[in-house]
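Trainee: I am new to this structure and would like to learn how to read it. Could you take me through it one feature at a time?

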Amino acid sequence: MAHQSTLEFATPGRGTRNVTEAVARVVAASGVRTGVAHVFVQHTSCSLAITENADPDVRRDLETVLGRLAPDADPAYRHDTEGPDDMAAHARTVLTGNALSVPVGGGRLLLGTWQGLFLWEHRTDPQQRRVVVTVLGD
């Protein structure tokens, strides 16, 4: 069995947004009891992450780490068509990824106790983002 749904999110700009419940609703609606949920963001300047869902300091610290790895307005960047955060956002996406797979069991996401699914916006301005959730299984 296969089920697919596209979710849309408005982001306020750089940072993380917990999308676990939205993805879990797609899984529940799919009717799949055992299988996998594939989650894919259709953009090149934001990403998806499975990370700590209890302490927001973890996500703030991860933002600090990425800021050091891919700083805005680096003079070495050639691509800055959409602003000083443009190339940094693309680099951050490559470093973090645009797709996740999560096992499904008992008709629900099999995430660990402290795990959540997060849409990670890398642009500084608000954006509209699409996330495709494909659920495969029995």
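Mentor: Gladly! Let us begin with a term: two strands count as paired if DSSP finds at least two bridges between them. Keep in mind as we go that this is a predicted model. In general, the strands of a sheet pair through backbone hydrogen bonds, either parallel or antiparallel. Here is a case to look at: Glu8 has Arg130, in strand 8, as its bridge partner.

Trainee: Over how many bridges do strand 1 and strand 8 pair?

Mentor: Strand 1 and strand 8, which covers residues 127–137, pair over 10 bridges in the antiparallel sense. Helix 1, residues 20–30, packs on the sheet and touches strand 1, strand 3 (35–41), strand 5 (99–105), strand 6 and strand 8. The direction of helix 1 makes about 160 degrees with that of strand 1.

Trainee: What is the order of the strands in the open sheet?

Mentor: The open sheet has 5 strands in the order 1-8-3-5-6, with antiparallel pairing. Its edge strands are strand 1 (2–11) and strand 6 (108–109), each of which pairs on one side only.

Trainee: Back to the helix, then. Which residues of helix 1 are buried?

Mentor: Thr20, Ala22, Val23, Val26, Val27 and Ser30 are the buried residues of helix 1. Just after helix 1 comes Gly31, with a positive phi of about 80 degrees. Gly31 sits in the loop between helix 1 and strand 3, and is partly exposed, with a relative accessible area of 40%. Leaving aside neighbours within four places in sequence, Gly31 is in contact with Met1 and Asp138.

Trainee: How do I read the buried side of a helix?

Mentor: The general idea is that an α-helix has 3.6 residues a turn, so residues three or four places apart point the same way. Now try helix 3, residues 86–96, where Asp86, Ala88, Ala89, Arg92 and Thr93 are buried. Seen down the axis of helix 3, these buried residues fall within an arc of 165 degrees, so they line one face of the helix.

Trainee: Which exposed residues does the face of helix 3 turned away from its buried side carry?

Mentor: That face carries Val94 and Leu95, which are exposed. As for the buried residues of helix 3, what covers them includes strand 4 (46–52) and helix 2 (56–69). Just after helix 3, Gly97 takes a positive phi of about 100 degrees.

Trainee: Where is Ala73 found?

Mentor: Ala73 is found in the loop between helix 2 and helix 3. Look at its backbone too: Ala73 has a positive phi of about 60 degrees although it is not a glycine.

Trainee: How many residues of strand 7 are buried?

Mentor: Strand 7, residues 115–121, is mostly covered, with 6 of its 7 residues buried. Strand 2 (residues 15–18) pairs with strand 7 in the antiparallel sense over 4 bridges, and strand 4 pairs with strand 7, also antiparallel, over 7 bridges.

Trainee: Let us turn to charges. How many salt bridges does the structure hold?

Mentor: The structure holds 8 salt bridges. In one of them, the side chains of Arg123 and Asp85 meet at 2.9 Å, N to O. This pair links distant parts of the chain, 38 residues apart: Arg123 is in the loop between strand 7 and strand 8, and Asp85 is in the loop between helix 2 and helix 3. Arg123 also meets Asp86 in a salt bridge, at 3.8 Å, N to O.

Trainee: Is Arg123 buried or exposed?

Mentor: Arg123 is buried, with a relative accessible area of 6%. Asp85 is buried at 5%, and Asp86 is buried at 1%. Another salt bridge joins Glu121 and Arg129 at 2.7 Å, N to O; Glu121 is buried, and so is Arg129. There is also a network of salt bridges linking Arg14, Glu63, Asp72 and Arg92.

Trainee: Which side chain of opposite charge is nearest to Arg59?

Mentor: For Arg59, that side chain is Glu52, 6.4 Å away. Arg59 lies in helix 2. Not counting residues up to four places away in sequence, Arg59 touches Thr16, Thr51, Glu52, Asn53 and Phe118.

Conventions. Residues are numbered from 1 along each chain as its sequence is written. This is a predicted model: local features need pLDDT of at least 70, side-chain atom pairs count only at pLDDT 80 or more; totals for chains, interfaces and linings use all residues. Side-chain values use heavy atoms; hydrogens and water are left out. Helices (H or I, at least four residues) and strands (E, at least two) are DSSP runs, numbered from the N terminus. Contact means heavy atoms within 4.5 Å. Axes are lines fitted to C-alpha atoms, for helices over the stretch in contact, and angles run from 0 to 180 degrees between N-to-C directions. Buried means under 20% relative accessible area, exposed over 50%, partly exposed in between (1.4 Å probe, protein chains only). The arc is that of the directions from the helix axis to the C-beta atoms. Lys and Arg count as positive and Asp and Glu as negative; His and the chain ends are not counted. A salt bridge is a side-chain nitrogen of Lys or Arg within 4 Å of a carboxyl oxygen of Asp or Glu.
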